[in-house]
Amino acid sequence: MTSGAAAERHSRAASSSVPAKAGARTDKEPGLVVAAYIAGRGVPIDEDERNAAVRRALLVFATGGNLRRDPDLDDSAVLELAADLATPHRRSALGSALEQLEATPEVLLLRDDPELAWRAFACGLLADALGEE
């Protein structure tokens with residue numbers, strides 16, 4: 001099985017356990033975003049702080065053009081959201097949560113690259129907010 005097929009299979013399986021919009025609104029590496037989003041459910045972020053950060057990221061996203069476009073891991077809104085919510089404790093919590101997930105290729109990549117994992121988590125949060133629009 002090719003890694004692309006494995007990623008697609010993981011993405012489909014994982015998206016059935018979280019809102020489908022978390023993976024559906026991303027165009028790059030949806031398996032990474034879905035895995036980070038799943039793990040990120042265990043990251044302690046105050047709801048008001050998260051909502052404020054997501055609103056700011058949505059404004060940044062809107063300045064980039066069409067709101068119907070898909071966010072990606074290098075989108076300025078994703079980078080802003082990731083920076084806005086980052087604390088050592090939260091990043092550590094995401095890493096610990098990733099350790100609890102099945103060791104798929106996507107999860108292993110996220111475990112090996114904490115910066116990528118944090119951006120993928122932020123991308124999932126943004127995709128989730130865009131799916132609510």
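**A first look around**

Modeller: Of the protein's 133 residues, 46% count as buried, where buried means under 20% relative accessible area, exposed over 50% and partly exposed in between, with a 1.4 Å probe and protein chains only.

Colleague: Where does this model come from, and how are residues numbered?
Modeller: It is a predicted model, where local features need pLDDT of at least 70, side-chain atom pairs count only at pLDDT 80 or more, and totals for chains, interfaces and linings use all residues. Residues are numbered from 1 along each chain as its sequence is written, and side-chain values use heavy atoms, with hydrogens and water left out.

Colleague: How many helices and strands are there?
Modeller: There are 8 helices and 0 strands. Both are DSSP runs numbered from the N terminus: helices are H or I with at least four residues, strands are E with at least two.

Colleague: And what share of the contacts joins residues 24 or more positions apart?
Modeller: Among contacts with a separation of 6 or more, 73% are between residues 24 or more positions apart. Contact means heavy atoms within 4.5 Å.

Colleague: Let's zoom in on α4. Which residues of α4 are buried?
Modeller: They are Ala52, Ala53, Val54, Ala57, Leu58 and Phe61. These buried residues pack against α5 and α8.

Colleague: At what angle do α4 and α5 pack?
Modeller: Helix α4 (residues 47–63) and helix α5 (residues 76–85) pack at about 155°, with axes 8 Å apart. Axes are lines fitted to C-alpha atoms, for helices over the stretch in contact, and angles run from 0 to 180 degrees between N-to-C directions. The two helices are therefore roughly antiparallel; angles under 35 degrees count as roughly parallel, over 145 as roughly antiparallel, 65 to 115 as roughly perpendicular and the rest as oblique.

Colleague: Which residues of α4 and α5 make the contact?
Modeller: Among them are Glu49, Arg50 and Ala53 of α4, and Leu81, Asp84 and Leu85 of α5.

Colleague: Then how do α4 and α8 cross?
Modeller: The axes of α4 and helix α8 (residues 114–132) come within 10 Å and cross at roughly 80°, so the pair is roughly perpendicular. The contact is made by Arg50, Val54, Ala57, Leu58 and Phe61 of α4 with Leu125, Leu126, Ala129 and Leu130 of α8.

Colleague: What about Arg119, buried or exposed?
Modeller: Arg119 is found in α8 and counts as buried at 17% relative accessibility. Not counting residues up to four places away in sequence, Arg119 touches Leu73, Asp74, Val78, Leu79 and Ala82.

Colleague: Last one: how many residues of α3 are buried?
Modeller: In helix α3 (residues 30–40), 10 of the 11 residues are buried, so α3 is largely enclosed by the rest of the structure. Tyr37 and Ile38 are among those buried residues.
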